[in-house]
Amino acid sequence: MSAPGHQQDGSGMAKAALPLRSRRRIKLALLLIAAVSLYTVFYLGHFPTSKDYGQFFSSGISKEGISGKQRNATLQARAEEVKMAFRRGYGQYLRHSYPRDELRPLSNESIDNFNGWGVTVVDSIDTMFLMGLTEEYEHARSHVATTDFQTCKGGVVPFFETIIRYLGGLLSAYHLTEDQTFLSAADHIGRELLPAFNTTWKLPSFSVDLVTRTPQWGWSGRTILLSEAASNQMEYKYLAHLTGHAEYFQKSDQVTRFLQKKLGGYGLWNTMWDAMSGLPSNAAWSIGALGDSAYEYLLKAYIMSGRTEKYLLEIYIKSMRGAVNRLVYLSRTRQLLYITEVVEKRPQGTMQHLSCFFPGLLALGDYLLQDSDFLPGEREKFRFAAEGLAYTCWILYADQITGLGPEEVRFHPYNGDDDYQSGRWVHHLDRWKAKGRKGLPPGLRKPPPLRGKTGKHKDYDYANAGYLLRPEAIETMYIMWRTTGDVVWRERAWKMFEAINTNTTVDGGAFASRSHVDIEEKLMRDESPSYFFAETLKYAYLACLEDDPLPLDQYVFNTEAHPLPIFSWTQEQRERFGV
Ligand code: DMJ
């Protein structure tokens, strides 16, 4: 009941009864509530609607706010911009370095770091084909037709890099164009690399001597590096399907059969193995360097060959369980979710750019697999991890002055000092569930970017502040968009491309790695890796296309972003290969 003589407003509040100070306080509180709601909508809650997002990031894209026609025009303009970037950078390579492997963009010199067979050309064929760059494509085709993929300086070629860049590139070029030139070259390279498997445990060696046809070893001595040994199934199995050569299937398959037996109780593999004893030679688990594509190929090879090798699915799920439970942590103040290397059971607190493929892999698994492939509750956990980690990969770009993502950061330990363990995400998630799932799950709160702030605020320091033109983050933005349908990921991919285009272009128009992502000064490195054309620009381009030319239920990308089609073994192949 109100005091007599006091007017009431619509809400029943007696205006006159409130002194000025109280009214100000109420106004302030309302403002605060409005601000908090906005913050929640944009950062903490589920993604903003496309409309909110369009306004907030002034991207000009908004499914609801702009007519389909305008949206198409914007996307087409973006695709054109990516294409121009490709032409410019690749043109510089052709001008200064062709037919050598890669351009040194600052000195305009060249380097033959991958056999001297023109890796930039072969790695880029499918990208130029998808972009409709006829002139560049015709030139690349004649390059393949006239290159001697048998001879190289020193006679020794690295196994893994030759597989993912050359073999992968040629196979996807063959699939897209049906030009026999590419398949013949792929078959030749595939055959020449087979001696790598002639080791005690049939695990491929670091490199192969093409003259003596013997396995050779690299910087790590007689050590098998996990990712390098286990990332050839997609290429060899597709080649086996195309050529009918059982050896391609069997040699590659026996690597994962070996690794299947060695999978530790936690679902993870050590990253280094002694080639003689067949035992681990370190105590490190990693989803970044030395580990990454070994895990990636489990799912992708399983899907690519028509889901026939069920054991791959089994290891994939076990290893994802291991990675999510053992390698994922929360940072101290911003509660960012990150995935780190664990050495002798001790989390290192670091996160590499290379690891940013991982949320995309989880999202792809979620998109392609069935409920029955996961343990109860596991699918949701993997989804949360994908979303939280993908957001961190985005934040690591959005936080920087250049808008580029650093090669490696070290997050601040959850509990101060060296206490990384207490930030183990799975424990926080379990507690959140036990307490009735109030609010957002830990690691999914999505704090805003902190551009221009110090490490203290950002909650991490740089372990390596360079941006090496790598694809993993934009790849994950792309996969998140295609698998969730949420355009916010596509917009993030576009922001990443814009930052790359602006901040890694050097005089003359080539692209170069950058030494520091968070300083204005353009300190560049004299390198322009082929994967930039094969992967980074391909994902940037695909993210601009409404009509997907490579639907994820029909294609899988190898670890160098070469799309390979999902196929079925013939009955005859099944019997002869022992599928
Ligand atoms: C690429 O060559 C491949 O993606 C590989 O699996 C890891 N690193 C580079 C790009 O960063």
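Against which elements do the buried residues of H15 pack? In this predicted model, the partners are helix H12 (310-327), strand E9 (328-330), strand E10 (337-339) and helix H14 (378-398). Helix H15 itself spans residues 425-434. Its buried residues are Trp425, Val426, His428, Leu429 and Trp432. These five cover an arc of only 160 degrees around the axis, which puts them on the same side of H15. That side therefore holds the residues that are buried in this helix. Just after H15, the backbone at Gly436 adopts a positive phi of about 90 degrees.

Three bridges link E13 and E14 in the antiparallel sense. Met351 has Val409 of E14 as its bridge partner. Strand E14 (residues 408-411) is joined to E15 by four bridges, again in the antiparallel sense. Here Glu408 has Asn464 of E15 as its bridge partner. Phe411 stands opposite Tyr460, also in E15. Strands of a sheet pair through backbone hydrogen bonds, either parallel or antiparallel.

Another open sheet of three strands has the order E8-E11-E12. Its pairing is antiparallel. The edge strands are E8 (284-285) and E12 (346-347), and each pairs on one side only. E8 and strand E11 (residues 342-343) run antiparallel and are joined by two bridges.

A helix pair is found earlier in the chain. Two packed helices are described by the angle between their axes and the distance between the axes. For helix H4 (residues 119-131) and helix H5 (residues 134-146), the axes come within 9 Å. They cross at roughly 145 degrees. The crossing of H4 and H5 is left-handed. On the H4 side, the contact is made by Val121, Val122, Ile125, Met128 and Phe129. On the H5 side, Glu136, Tyr137, Ala140, His143 and Val144 contribute. The residues of this contact divide into eight nonpolar, one polar and one charged.

Asp366 lies in helix H13 (residues 358-368). Its relative accessibility is 18%. Asp366 therefore counts as buried, because the cut-off for that class is under 20%. Leaving aside neighbours within four places in sequence, Asp366 is in contact with Arg379 and Arg383. Both numbers fall within the range of H14 (378-398).

Ile519 belongs to the loop between helix H18 (487-503) and helix H19 (530-542). With a relative accessible area of 29%, Ile519 is partly exposed. Ile519 touches Ile401, Thr402 and Arg514, not counting residues up to four places away in sequence. A link across the sequence is also seen for this residue. The C-alpha atoms of Ile519 and Ala465 are separated by 9.7 Å, and the two residues are 54 residues apart along the chain.

Gly218 sits in the loop between strand E5 (214-216) and strand E6 (223-225). Gly218 is partly exposed, at a relative accessible area of 26%. Its C-alpha atom is separated by 5.7 Å from that of Phe206, a residue twelve places away along the chain.

Terms used:
Residues are numbered from 1 along each chain as its sequence is written. This is a predicted model: local features need pLDDT of at least 70, side-chain atom pairs count only at pLDDT 80 or more; totals for chains, interfaces and linings use all residues. Side-chain values use heavy atoms; hydrogens and water are left out. Buried means under 20% relative accessible area, exposed over 50%, partly exposed in between (1.4 Å probe, protein chains only). The arc is that of the directions from the helix axis to the C-beta atoms. Contact means heavy atoms within 4.5 Å. Axes are lines fitted to C-alpha atoms, for helices over the stretch in contact, and angles run from 0 to 180 degrees between N-to-C directions. A crossing is left-handed if the near helix is turned anticlockwise from the far one by less than a right angle, and right-handed if clockwise. Ala, Val, Leu, Ile, Met, Phe, Trp, Tyr, Cys and Pro count as nonpolar, Asp, Glu, Lys and Arg as charged, and the others, Gly among them, as polar. Two strands pair if DSSP finds at least two bridges between them.
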